[in-house]
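Hello,

Here is the structure I promised to pass on. My notes on it follow below.

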Protein chains: 2
Amino acid sequence: MGATKTEHFTDKQNQIATIAKALGHPARIAIIEYLMKVNACICGDIVNELPLAQPTVSQHLKELKNAGIIKGNIEGNAICYCIDEKTIEILNTYFFHIVQSVSKNKCC
Amino acid sequence: MGATKTEHFTDKQNQIATIAKALGHPARIAIIEYLMKVNACICGDIVNELPLAQPTVSQHLKELKNAGIIKGNIEGNAICYCIDEKTIEILNTYFFHIVQSVSKNKCC
DNA sequence: AATCTTTATTGTAATATTGCAATATTAAAT
DNA sequence: ATTTAATATTGCAATATTACAATAAAGATT
């Protein structure tokens, strides 16, 4: 035991959980905010912006990429990262439905 | 090492990460969906809905409660759970800003 | 070709999460 | 006062995550 029982849940539930989980770390939120701030693909000076070592940042970027939250384009020996709106939109749409549904049926 | 370095990030970054993290498990998404489906506070028959043991569900509920995503009202020996829209709204607003910002400045 | 720059990978230690059996708690019902 | 029902807590094993030093890989520069 200890491993998440993903097989017991729907694909959609797992999809939302995977994206949310990838955003469930302040360093990864900070990366997203930085990518937003610079308004473009950034050729990896993310390490200089974060209070974390390069391998740690690289690992966080990998997780964001695996979850489809960012894209990485190779440009020479550097890599340009940028946010993949489509994935954030999936989350946004999902949570919007929750807010709508809940505010329509107040109980507590 | 191994513990998240929360002290290096802003309160807002930690707040968003905490909420997202709590939603980063399919069981917890399934709980949210169930609470939405029944359209009301539900006096905890969540255990019967999920393919998980009672202590496991109880733990997931605790995490959702700690993150402010659900509220639990004690009613006799049962507990009524419902979604706290305010917290979901925080996430929703945050991600909406990201989508807006990114779609305004396409790069990749 | 040798070196520099940038990013990824590997290995490892510390810590956190997941899941559940067993048990405890708390309030209602008998 | 016992019993029943609902939920929480404890303790523990399995697994996952976080962080980083050391190293590797791959393209650019000299």
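In this predicted model, the buried residues of helix α1 of chain B are Q13(B), N14(B), I16(B), A17(B), I19(B), A20(B) and A22(B). Their cover comes from both chains. Chain A supplies α1 (11-22) and α2 (26-37), among others α2 (26-37), α4 (54-66) and α5 (85-104) of chain B. The helix length checks out too. α1(B) covers residues 11-22, and at 1.5 Å a residue its 12 residues should span 16 Å. The end C-alpha atoms are 16 Å apart, which agrees.

Now the contact across the chains. P26(A), I29(A), A30(A) and E33(A) of α2(A) meet Q13(B), N14(B), I16(B) and A17(B) of α1(B). The two helix axes, of α2(A) and α1(B), come within 8 Å and cross at roughly 115 degrees. The crossing of α2(A) past α1(B) is right-handed.

Last, the core. In soluble globular proteins, nonpolar side chains tend to be buried together. Here the largest nonpolar core has 66 residues. Those with the most contacts inside it are L23(A), I46(A), I69(A), L23(B), I46(B) and I69(B). What does I46(A) touch, leaving aside neighbours within four places in sequence? I46(A) is in contact with I31(A), Y34(A), L35(A), V57(A), L61(A) and Y81(A).

Best wishes

How values were computed
Residues numbered from 1 in each chain as written. Chains lettered and ligands numbered in written order. Predicted model: local features only at pLDDT ≥ 70, side-chain atom pairs only at ≥ 80, totals over all residues. Heavy atoms only, no water. Helix = DSSP H or I, 4+ residues; strand = E, 2+ residues; numbered from the N terminus. Expected span 1.5 Å × (residues − 1). Buried < 20%, exposed > 50% of the residue type's maximum accessible area, 1.4 Å probe, protein only. Contact = heavy atoms within 4.5 Å. Core = buried A, V, L, I, M, F, W, Y, C linked by side-chain atoms within 4.5 Å. Axes fitted to C-alpha atoms, helices over the stretch in contact; angles between N-to-C directions. Left-handed = near helix turned anticlockwise from the far one by under 90°.
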